[in-house]
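The exercises that follow are meant to be worked through with the sequence and the structure side by side. Try each task before reading its solution.

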Amino acid sequence: MVDFSIRMKNKLRFSTCDAPHVPTSKTHEEIILVELRGDLLMITALGADGSPGSRVYAQRTIDLPETSLFMILPELPSHVRDGAFFPALGTVAILEPPPGQQRRLRAIGTDNNSGQCHGWIFDAIEDASSSN
């Protein structure tokens, strides 16, 4: 999978840390910016006005024929500085589509950033009108 920077329409659902793959909330729609630079994946929350918010980082772990898997990082890599970093744990899968179709991202994660453990599920599809 080659480097890219794309906007994606995400269907975010929350879950528990005991079963992060089981949704416990309604779907919240949002736009995220997903960027791949080498083996480092960045997922940035975008505000309603398009302004960047918090950012999750993930490291490539396995490439399969049509999917790349990434491990969400609880700490920034030593060579990266980012005040928007959002520490979390989990897994991201980027599914490479057949020609003419959009990429898809699926992620399951947990974080303790509010002092309590929260789980979340991303199910995002590339916004074809805004890819770079």
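A residue counts as buried when its relative accessible area is under 20%, as exposed when it is over 50%, and as partly exposed in between. The structure shown is a predicted model, and the tasks below apply this cut-off to several of its residues.

**Exercise 1. A residue with two salt bridges**

Determine whether D123 is buried or exposed, and find out which residues form salt bridges with D123.

Solution. Begin with accessibility: the relative accessible area of D123 is 19%, and because the limit for a buried residue is under 20%, D123 counts as buried.

A salt bridge joins D123 to R104, with the closest N and O atoms 2.7 Å apart. Since D123 belongs to strand 8 and R104 to strand 7, this pair ties together parts that are 19 residues apart in sequence. R104 itself is partly exposed, at 34% relative accessibility.

D123 also forms a salt bridge with R106, and here the closest N and O atoms are 3.7 Å apart. This pair links distant parts of the chain, with D123 in strand 8 and R106 in strand 7, 17 residues apart. R106 is partly exposed, with a relative accessible area of 34%.

Finally, consider the surroundings of R106. Apart from neighbours within four places in sequence, R106 is in contact with T91, V92, A93, L95, F122 and D123. Between the C-alpha atoms of R106 and M8 there are 11 Å in space, although the two residues are 98 residues apart in sequence.

**Exercise 2. Other salt bridges**

State how many salt bridges the structure holds, and describe the one between E35 and R37.

Solution. The count is seven salt bridges. In the one that E35 forms with R37, the closest N and O atoms lie 3.6 Å apart. To compare the two residues with the cut-off, note that E35 has a relative accessible area of 18% and is therefore buried, whereas R37, at 39% relative accessibility, counts as partly exposed.

**Exercise 3. Two residues of one loop**

Locate N113 and C117, and describe what each of them touches.

Solution. N113 lies in the loop between strand 7 (104–111) and strand 8 (118–126), and the place of C117 is likewise in the loop between strand 7 and strand 8. With a relative accessible area of 38%, N113 is partly exposed; C117 is partly exposed with a value of 37%.

Not counting residues up to four places away in sequence, N113 touches F86 and P87. A polar atom of the N113 side chain lies 2.9 Å from the backbone oxygen of P87. The C-alpha atoms of N113 and P98 are separated by 37 Å, with the two residues 15 residues apart along the chain.

For C117, with the residues up to four places away again not counted, the residues touched are C17, T110, D111 and N112. C117 and D18 are 99 residues apart in sequence, while their C-alpha atoms are 9.3 Å apart in space.

**Exercise 4. The largest pocket**

Say how much space lies in the largest pocket, and which residues lie nearest its centre.

Solution. The largest pocket holds about 250 Å³ of space. Its lining is made of 14 residues, and L12, A45, S54, F86 and F122 are those nearest the centre. To see where the lining comes from, turn to the strands: strand 1 (4–15), strand 2 (28–37), strand 3 (40–46), strand 4 (52–64) and strand 8 each supply at least two of the lining residues.

Note on methods: Residues numbered from 1 in each chain as written. Predicted model: local features only at pLDDT ≥ 70, side-chain atom pairs only at ≥ 80, totals over all residues. Heavy atoms only, no water. Helix = DSSP H or I, 4+ residues; strand = E, 2+ residues; numbered from the N terminus. Buried < 20%, exposed > 50% of the residue type's maximum accessible area, 1.4 Å probe, protein only. Contact = heavy atoms within 4.5 Å. Polar contact = N/O pair within 3.5 Å; in protein donor to acceptor, adjacent residues only side chain to side chain. 1 Å grid on protein atoms, 1.4 Å probe; cavity = no way out; pocket = protein on both sides within 12 Å on 5 of 7 lines; lining within 4 Å. Points joined across faces, edges and corners; volume = space filled by probe spheres on them. Salt bridge = Lys/Arg side-chain N within 4 Å of Asp/Glu carboxyl O.
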